[in-house]
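Colleague: Could you walk me through this one? I'd like to know what stands behind each label you use.

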Amino acid sequence: MTPLDDLIAAVEAGVEPVELWLALGSQRNIDRAQEAYRGSLDAALRLHEALLPGWDYCIDDVQRTKPLVYVQDDGGPTFDGEAANPARAWLLAILRALKAKGVENE
């Protein structure tokens, strides 16, 4: 497993991945990811814009027990995240998209 895989697994499990945030590279991205993990939609949006510029997103929490967030690059594959809060779900979607893009430690 890569550090990004470990980060995704920890966020999915709801365990703050203290040292695993380093897989995101810059301190700015780490700070945004930590804030998103803790529930900040503003931070999730800033992280999305920094790491997935031009990508679309959709937050779907209608009649769901957990919010679901989708991210997609102009008709490409869709990556999703489901978590206790929408910001964490968005964080998971972003991390899965980065993994698929092969982005690590940029």
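Modeller: Let's begin with the strands: Gln72 has Thr78 as its bridge partner in β3. Bear in mind that this is a predicted model, with local features needing pLDDT of at least 70 and side-chain atom pairs counting only at pLDDT 80 or more, while totals for chains, interfaces and linings use all residues. Residues are numbered from 1 along each chain as its sequence is written, and side-chain values use heavy atoms, with hydrogens and water left out.

Colleague: What makes β2 and β3 a pair?

Modeller: Two strands pair if DSSP finds at least two bridges between them. β2 and β3 (78-82) have five, in the antiparallel sense, so they pass that rule. Strands here are DSSP E runs of at least two residues, and helices are H or I runs of at least four, both numbered from the N terminus. The two strands form a hairpin with five residues between them, and Asp74 in the turn has a positive phi of about 35 degrees. β1 and β2 also pair in the antiparallel sense over five bridges, with Leu68 in β2 as the partner of Asp60.

Colleague: Is Trp90 buried or exposed?

Modeller: Buried means under 20% relative accessible area, exposed over 50%, and partly exposed in between (1.4 Å probe, protein chains only). Trp90, at 3%, therefore counts as buried, whereas Tyr57, at 40%, counts as partly exposed.

Colleague: How do you know that Arg88 lies over the face of Tyr37?

Modeller: The rule wants NZ of Lys or CZ of Arg within 6 Å of the ring centre and within 35 degrees of the ring normal. Arg88 lies over that face, at 3.8 Å from the ring centre.

Colleague: And which residues does Leu91 touch?

Modeller: With contact meaning heavy atoms within 4.5 Å, Leu91 touches Val11, Trp21, Ala33, Ala36, Tyr37 and Leu47, leaving out residues up to four places away in sequence.
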